[in-house]
Amino acid sequence: MTPMIEQIALAIRDAQSEGPLLQAGKDVLTGFSGDKLVGALQRLALLFERDSAGCYLEVGVFQGLTLLSVASACRSLQCYGIDNFAFFDPEGQNLRIVRERAAKLAVGNATVINKDYEDALESLAQTTGGRKVGVYFVDGPHDYRSQLMCLELVLPHLHRDAVIVVDDSNYRHVRQANRDFLMTHPEFKLVFDAYTACHPANATPAQRRAAQEGWWNGVNILVRDPEGLLPPAYPPTERSRQLYENEHIVHAGAVAELAPQATELLQLLLRNPLRFVASSLRLYQRLHANRTALASRYPQMNTYSADLPASRFNTAVLAPESRTRPNK
Ligand SMILES: C[S@@+](CC[C@H](N)C(=O)[O-])C[C@H]1O[C@@H](n2cnc3c(N)ncnc32)[C@H](O)[C@@H]1O
């Protein structure tokens, strides 16, 4: 093991036994995270404190619990948080709340990047001045593709000794994205994982308290191990890929955008048939209102390719017909 991987493992062990580092922000900071998770992020960030070319980065700020807990525990490290505030913010107050909390804690080293994570990660160097990401915390959108893209798009920005913390790894599609990333990037290794029986939202009060004091909704921690000193390890996943294969059917179906509502309807059919009838009616009205747009689609196997070029070359290479043929 390298000394850095050893320090990373010790930081995680200390967080596991002692929780968060600072109690100072306790009254100011609330959000969706567990004490051990916050403690791990703080301790891992401290490992990069003296590296002026390093930084902390997270996707998913919400009201600033993790971003400001790290920034206040590690004041000489620049900390960046990406959030487009598209979720859990019906009144549009979260950015203001983060700024007010930062002021209350006198935190001057935290910057919110108010963008979608793809836009933010694609132009990250412009915002961070080229700093390399020592600790990367993934806690934004949890669909399979976003989870994977959060890992892929950060690669050019990662520090040589980077550590990646993926929250919500209880979800099987999050574990699958982590596994797929580890399989295709064997220079990264899973160094720690922790799970609970369910999401805190579905937990008993005692389970929820434990999640709050623990790792919240499961965690996977990945380290860079270019010398291959650690044995390969993967989060548990299911061998069947059926759910991911279903995406093709849903994506190419005429009513793909309504897949969440259709799933919800099936659940109601099972649990609350009376509400099923009312919800079906509402969904039917939505379909009817969109009937003109939907009529232009096929029932299945929609490709959305009607306006695409019949064929083309990369602009940097010559089209074959204009290329001078070498003499035979
Ligand atoms: C669970 S919250 C993050 C919790 C936070 N780490 C804390 O300490 O409480 C998830 C956040 O991800 C953000 N998010 C979801 N999709 C996003 C996207 N495509 N781009 C950027 N942020 C996104 C949401 O707006 C939300 O604030």
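## A walk through the model

Start by selecting Arg43 and Glu18: their side chains meet in a salt bridge, with N and O 3.8 Å apart. Arg43 sits in helix 2 and Glu18 in helix 1, so the pair links distant parts of the chain, 25 residues apart. Arg43 is buried, with a relative accessible area of 11%, whereas Glu18 is exposed at 57%. Keep in mind as you look around that this is a predicted model.

Stay with salt bridges for a moment. A search of the whole structure finds 8 of them. Select Arg13 and Asp14 for another one, where the closest N and O atoms are 3.5 Å apart. Here Arg13 counts as exposed at 52% relative accessibility, and Asp14 as partly exposed at 26%.

Next, go inside. The largest nonpolar core has 40 residues, and Tyr56 and Trp215 touch the most other members. Elements that each supply at least two residues of this core include helix 1 (3–18), helix 2 (35–46), strand 6 (188–194) and strand 7 (219–224). A second, separate core holds 31 residues, among them Tyr80, Ile113, Leu121 and Leu151.

Now select Trp215 and show what surrounds it. Leaving aside neighbours within four places in sequence, its contacts include Ile12, Ala15, Leu37, Ala40, Phe192 and Ile221.

What is the phi of Trp216? It is positive, about 60 degrees, although the residue is not a glycine. Most residues other than glycine have a negative phi. Trp216 is buried, with a relative accessible area of 4%.

Phe62 is another one to select: its phi is also positive, about 55 degrees. You will find Phe62 in the loop between strand 1 (54–59) and helix 3, and at 17% relative accessibility it counts as buried.

For the surface, select Phe32, Phe87 and Phe88, which make a nonpolar patch of about 380 Å². Phe32 is in the loop between helix 1 and helix 2 and is partly exposed, at 39% relative accessible area.

Finally, zoom out. The domain assignment gives domain 1 (3–224) and domain 2 (253–295), and their C-alpha centres lie 36 Å apart. For a last stop, select Arg297 and Glu257, whose side chains meet in a salt bridge of 3.0 Å, N to O. Arg297 is in the segment after helix 13 (291–295), and Glu257 is in the loop between helix 10 (242–252) and helix 11 (259–271). Arg297 counts as partly exposed at 24%, while Glu257 is exposed at 54%.

Key
Residues are numbered from 1 along each chain as its sequence is written. This is a predicted model: local features need pLDDT of at least 70, side-chain atom pairs count only at pLDDT 80 or more; totals for chains, interfaces and linings use all residues. Side-chain values use heavy atoms; hydrogens and water are left out. A nonpolar core is a set of buried Ala, Val, Leu, Ile, Met, Phe, Trp, Tyr and Cys residues joined through side-chain atoms within 4.5 Å. Buried means under 20% relative accessible area, exposed over 50%, partly exposed in between (1.4 Å probe, protein chains only). Helices (H or I, at least four residues) and strands (E, at least two) are DSSP runs, numbered from the N terminus. Contact means heavy atoms within 4.5 Å. Domain bounds come from an automatic or database domain assignment. Patches are made of residues with over 30% relative accessible area and no salt bridge: like charges are joined within 9 Å, nonpolar side chains (Val, Leu, Ile, Met, Phe, Trp, Tyr) within 5 Å. Accessible areas come from the Shrake-Rupley method with a 1.4 Å probe; for residues, only the protein chains shown count as cover. A salt bridge is a side-chain nitrogen of Lys or Arg within 4 Å of a carboxyl oxygen of Asp or Glu.
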